[in-house]
Amino acid sequence: MSTYTSLLYHIVFSTYKREKTITQSNKKELFAYIYGYLKNKNCHLYRLNGVEDHIHIFTHIHQSISLASLVKDIKLSTSTLIKDKLLFKDWNGWQEGYGAFTVNANSKDKLIDYIINQEEHHKHVSYLEEYKKLLNDHGVIFDEKYLL
């Protein structure tokens, strides 16, 4: 094979209306499913974590897959899994959009640590504050009315 890529993405999306529906008890099953899904798509997952109202995925995306279709498929298939297995009480789905940020290979370890420490991080910072900071740090111009 003569195609070489480094397509590293930090993907973030929340539950519908940022509802706190992802419970600790079944979060591991959700994450195991996402890991398997990415593996089947020839993506390399570096780290996955989240809290009650959102998740972070740090992955290398295979060059044959578009970011938009990958995120759409993850959200659709996990919503089906959650509903079929009744993983989370009061589940209403994922938010409409997502955030995706390219990652420099030299920053991998720092991002992995950040994602590992989500529970501690969110004792002090809300998801909305975190998301706005990510958007600003990456120079993304956004309209706050679409963040809700």
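1. Which residue forms a salt bridge with Lys123, and how far apart are the closest N and O atoms? In this predicted model, the partner is Glu120, and the closest N and O atoms are 3.2 Å apart. Lys123 is exposed, at 61% relative accessibility, whereas Glu120 is partly exposed, with a relative accessible area of 42%.

2. The count of salt bridges comes to six. Among them is the pair of Asp53 and Lys20, whose side chains meet at 3.8 Å, N to O. This pair links distant parts of the chain, 33 residues apart: Asp53 belongs to the loop between strands E2 (44-51) and E3 (54-60), and Lys20 to the loop between strand E1 (8-14) and H1. Asp53 is buried because its relative accessible area, 7%, falls under 20%. Lys20, at 61%, is exposed.

3. A further salt bridge joins the side chains of Glu144 and Lys132 (2.9 Å, N to O). Lys132 lies in helix H5 (127-137) and Glu144 in the segment after that helix, so the pair ties together parts that are twelve residues apart in sequence. Glu144 is partly exposed at 46% relative accessibility, and Lys132 is partly exposed at 22%.

4. Helices H1 (residues 24-40) and H2 (residues 67-85) pack with their axes 11 Å apart, at an angle of about 140°. H1 is therefore oblique to H2, and the crossing is right-handed.

5. On the H1 side, the contact is made by Glu29, Leu30, Tyr33, Ile34, Tyr37 and Leu38; the H2 residues they meet include Leu70, Asp73, Ile74 and Lys85. The residues of this contact divide into nine nonpolar, two polar and three charged.

How values were computed. Residues numbered from 1 in each chain as written. Predicted model: local features only at pLDDT ≥ 70, side-chain atom pairs only at ≥ 80, totals over all residues. Heavy atoms only, no water. Axes fitted to C-alpha atoms, helices over the stretch in contact; angles between N-to-C directions. Helix = DSSP H or I, 4+ residues; strand = E, 2+ residues; numbered from the N terminus. Parallel < 35°, antiparallel > 145°, perpendicular 65-115°, else oblique. Left-handed = near helix turned anticlockwise from the far one by under 90°. Contact = heavy atoms within 4.5 Å. Nonpolar A, V, L, I, M, F, W, Y, C, P; charged D, E, K, R; others polar. Salt bridge = Lys/Arg side-chain N within 4 Å of Asp/Glu carboxyl O. Buried < 20%, exposed > 50% of the residue type's maximum accessible area, 1.4 Å probe, protein only.
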